[in-house]
Amino acid sequence: MKTRSFLLMLASSAAMGACGGTDTDAVPTPDTTTAGVDPRAMQTIVVWRAHVDTLALRIAQLDSAAAAMRTNADVPRVRTAFVDARRAFKLAELALEYYTPTTAKEMNGPALPEVDDEEGPEAVFPPTGFQVIEEALYGDEPVSEWEAITRETSTLRPLAKRAQTMMGAQHASDAHVWDAVKLELARIATLGLPGFDSPVAGHSLAEAGVALESIVRTLAPYHTADSGWLRVDSLVADARAMVTATSDRETFDHLTFLSQRLIPLGHAMQELRLAMGIAVPAERRSFRMDAATVFDSAAFDVMGFAPIDARPGTPAQVALGERLFHDTQLSGDGKRACSSCHVSTKAFTDGLTVNQARGGAPLARNTPTVINSGLQLGSFADLRTAYLEDQVTDVVENVDEMHGSLAGIAARLATDTALVARFRAAFAQLPARTDSLVTAAQIRTVLAAYQRSLTRLNSPVDRALRGDLAALSDEERQGFNVFVGKGKCATCHFIPLTNGTVPPNYRKAEVEVLGTPSRAVTARATIDPDVGRFRLTRAAPHRYAFKTPSLRNVALTAPYMHNGVYRTLEAVVDFYNRGGGAGIGIVLDNQTLPPDPLRLTAPEQRALVSFMKALTDTTGTQRR
């Protein structure tokens, strides 16, 4: 059963390019400024081409083995061929994900249907590739799934051929080679180790070792006797030894591996790159180009999650945005401000199951925090807006919430001399406007800038991952390992951000069908009637689908779920432990959360709650 949810392709022009590759897998134009100039990079290209050639060979062998499968006695041989093909994919993954991301996704995307929102409710595409094969091949009756398996193995062959063609035409620079390595390290940490792409067979630890091997092979042309390489070699060897020593993800010490092996490796590699004078590509990305790992304190650029034409908020704009956040003039009746529902002392939530609409009726959904809201693609539980600027418009002009008009509000604020002066100061870098003193666009800009300023990533968990293991108690450390390991939480709440925007490129947002009940019961439950994203797309896989929210500051944001049905984190963990809605009597044919119980022990559940509480960081956000 899958832990995956389908991925919504929120086309994010803000996320910029695929860092050397393209989204459409059109053959990249050779970089004539670097082709032939970076000989070590071209040696690496040869290595990558060999990896892709091997992948094509292993896929052909898997296809032949699957075609010959007739009885249960044949299954081990097919599984061996599958493991060999997956190993070949992991060796090639670094290059495929960087230069041919669409092909890589078709080869190894989640085994769930994908919806193309722009094409209408009928545009639902079946999954393809390794994960579909894995689900069938490692299920209870592989032989009965023969047709599905052979269909997918035969589909992989032309994909491998396409990848060979793409890599055959590819050039690279030193900067892009090292950038691809950095992204692969992030991919191992955030997707590989948690089991995102091996959810059934559970091969994630062994495959992490193979991915590390691919990094060694990629950088072989750069290797020298320099002392910096000794440090890198030692860390790689230790990391590979640790992930290959056991196949049991449930007992693996993910925290030690990340904090003492993989993250130091990322920093050691960055030091080497700098020592060799290798620059970073001149691109904007959510995961900063000059950051060593996604766990660094300044790893993320909030503007990478913003519209392409957005600019970083100035201090004056942020301060003005904070002022307007608390201003009731933004509502139609002058009685409600943003802070009426997003209370700073409650981590910018309100502590209610749901807040009230104008007139006293209950709103449809629980109030989310806005802390770290700038580190995601998509706002609202149904992802109906992509950017914070659009979220501002939606809330202010929503008839049940603020019931205002940005144009009308702008006209009203323009009569306040003091506010006009602040707007002029905040936008002093722009040409003076003659049509109006305050505009709707400026209001959107400053409110979005304020929300982006509420980025806080220095919780005890962050400090532990950066090397200060004493920042966490033993129970919290155990909880981290349950979160990434046995609990499978990190397959949807991706570390380190713990939200559903998919690393390491952060260009897609994830939704889940959990089977959330209408009442907090553990048997004979009924589904909450809110159909979630389905209301927007009308696509069947989206019925009851909701955005995967951040777990940052979750200890302060009760109650939980889109409808506020659970009052405590303990109740939420119990819901997941039972298998979501399927475990409490709700029958859905599109539940993406696995219906199988997690079988977490009572101490493991307590540790998981303790870990989530250690994700708290509201430093400097409670000035009012």
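Predicted model: local features only at pLDDT ≥ 70, side-chain atom pairs only at ≥ 80, totals over all residues.
1. The largest cavity has a volume of about 150 Å³. Of the 16 residues lining the largest cavity, those closest to its centre are Trp178, Lys182, Gln270, Arg273 and Ala291.

2. Which elements give two or more residues to that lining? They are α6 (174-192) and α9 (254-275). The top contributor is α6, with 6 residues. Sorted by class, the lining of the largest cavity has 10 nonpolar, 2 polar and 4 charged residues.

3. Next, have a look at strand β4 (residues 509-513). Here 5 of the 5 residues are buried, so β4 is largely enclosed by the rest of the structure. Ala509, Val511 and Val513 point one way from the strand, while Glu510 and Glu512 point the other way. Notice that the two glutamates, Glu510 and Glu512, are buried too.

4. What is the partner of β4? It pairs with strand β5 (residues 545-547) in the antiparallel sense, over 3 bridges. One detail to find on your screen: Val511 has Lys547 of β5 as its bridge partner.

5. Finally, the cysteines. A disulfide is a covalent bond between the sulfur atoms of two cysteines. How many disulfides does the model have? The count is 0. Cys341 is in no disulfide, and the nearest cysteine sulfur, that of Cys338, lies 8.9 Å away. Cys341 counts as buried because its relative accessibility is 11%.

Terms used
Residues numbered from 1 in each chain as written. Heavy atoms only, no water. Disulfide = S-S within 2.5 Å. Buried < 20%, exposed > 50% of the residue type's maximum accessible area, 1.4 Å probe, protein only. Helix = DSSP H or I, 4+ residues; strand = E, 2+ residues; numbered from the N terminus. Pairing = 2+ DSSP bridges. 1 Å grid on protein atoms, 1.4 Å probe; cavity = no way out; pocket = protein on both sides within 12 Å on 5 of 7 lines; lining within 4 Å. Points joined across faces, edges and corners; volume = space filled by probe spheres on them. Nonpolar A, V, L, I, M, F, W, Y, C, P; charged D, E, K, R; others polar.
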